[in-house]
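Trainee: I am new to this structure. Could you take one spot, look at it closely, and then lead me on to the parts that hold contacts with one another?

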Amino acid sequence: QVRLVMKAYSFIRENVPRVLSSVKDKSSTVPVPRISQYLYFLFAPTLIYRDNYPRNPTIRWGYVATKFAQVLGSLFYAYYIFVRLCIPQFRNSSQETFNLRGLVLCIFNSILPGVLILFLVFFAFLHCWLNAFAEMLRFADRMFYK
C-alpha cells in the first residue's frame, strides 16, 4: 500500500504542473499521460514517474528464471530457519509456566534467526523480485540501490 501511495504521489506531482501550465497558457492540447504509460509505471521498479523510460531491446528469460529461482530458494531457506531455529524455542516455552527469564532467553535466541530472515526478505524482494520484473518489462535503468 505504501508503494502504491508513493507511486500515485509521484504521478500526480509530475503531471499536475504540466496540466496546469497548459490550462494557464490556454493551450489547445492538454498533456495528459496515456493509460499504458501509467500501467507501465505501476509495474516498473521505480518510484519516479516519467513518460518514457530507457528500455532494453530483448528479454533475457534465463536471467528471469534465475531470479525467480533465487526467490524460491530464499523462501525455502527462511522456512528452514523457522523450523530449525525459531519454532523449537517457542514450542519449549509454551509447555512451561510463564517466567521472565524464559521469555528473555527465547527472544535472545531468536535474534540471529530473525536477522537472517530479514536479510533473506530484503535479498528476495529488493534484489531478485525487482530485477526479475525489470527484466520482463525491459526496464533498463537498474539503479535500485542508489
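Mentor: Start with Arg-138, which counts as partly exposed because its relative accessibility is 29%. That value falls between the cut-offs of 20% for buried and 50% for exposed. Keep in mind that this is a predicted model. Arg-138 sits in the segment after helix H4, and H4 covers 100-136. Now look at its backbone. Arg-138 has a positive phi of about 60 degrees, although it is not a glycine. Most residues other than glycine have a negative phi.

Step back into helix H4. Glu-135 lies in H4. Its side chain meets that of Arg-60 in a salt bridge, 3.0 Å from N to O. Side chains of opposite charge can pair when their charged atoms come close. Arg-60 belongs to the loop between H2 and H3, and the two partners are 75 residues apart. Arg-60 is partly exposed, at 44%. The pair thus links distant parts of the chain.

The structure holds three salt bridges. The pair of Glu-135 and Arg-60 is one of them. Next comes Arg-50 with Glu-14, at 3.3 Å from N to O. Arg-50 lies in the loop between H2 and helix H3 (61-95), while Glu-14 is in helix H1. These two are 36 residues apart. Arg-50 is partly exposed, with 39% relative accessibility. Glu-14 is partly exposed too, at 32%.

Move to Asp-51. It forms a salt bridge with Arg-18, and the closest N and O atoms are 2.6 Å apart. Asp-51 lies in the loop between H2 and H3 and Arg-18 in helix H1, so the pair ties together parts that are 33 residues apart in sequence. Asp-51 is partly exposed, with a relative accessible area of 27%. Arg-18 is partly exposed as well, at 28%.

Stay with helix H1 and find Ser-10. Is Ser-10 buried or exposed? It counts as buried, because its relative accessibility is 10%. A polar atom of the Ser-10 side chain lies 3.0 Å from the backbone oxygen of Leu-47. Leave aside neighbours within four places in sequence. Ser-10 is then in contact with Phe-41, Leu-47, Ile-48 and Tyr-49.

Phe-41 brings us to helix H2, residues 35-43. Which residues of H2 are buried? They are Gln-37, Tyr-40, Phe-41 and Leu-42. These buried residues pack against helix H1 (2-24).

Now turn to helix H3, where Ser-74 is found. Ser-74 is buried, because its relative accessible area is 6%. Not counting residues up to four places away in sequence, Ser-74 touches Leu-120, Phe-123 and Ala-124.

Finish with the two domains. The chain is divided into domain 1 (1-53) and domain 2 (55-145). Six residues of domain 1 and seven residues of domain 2 take part in the contact. The C-alpha centres of the two domains lie 33 Å apart.

How much area is buried between domain 1 and domain 2? It is about 660 Å², and carbon and sulfur atoms give 76% of it. Three residues stand out on the side of domain 1. Tyr-40, Pro-45 and Tyr-53 supply 78% of the area that domain 1 buries against domain 2, more than any other three residues. Tyr-40 is also among the buried residues of H2.

What joins the domains in polar terms? There are three residue pairs in polar contact between domain 1 and domain 2, with both residues at pLDDT 80 or more. The side of domain 1 that touches domain 2 has five nonpolar residues, one polar residue and no charged residues. The count of salt bridges between domain 1 and domain 2 is zero.

How values were computed: Residues numbered from 1 in each chain as written. Predicted model: local features only at pLDDT ≥ 70, side-chain atom pairs only at ≥ 80, totals over all residues. Heavy atoms only, no water. Helix = DSSP H or I, 4+ residues; strand = E, 2+ residues; numbered from the N terminus. Buried < 20%, exposed > 50% of the residue type's maximum accessible area, 1.4 Å probe, protein only. Domains from an automatic or database assignment. Contact = heavy atoms within 4.5 Å. Buried area = accessible area lost by both parts, 1.4 Å probe. Salt bridge = Lys/Arg side-chain N within 4 Å of Asp/Glu carboxyl O. Polar contact = N/O pair within 3.5 Å; in protein donor to acceptor, adjacent residues only side chain to side chain. Nonpolar A, V, L, I, M, F, W, Y, C, P; charged D, E, K, R; others polar.
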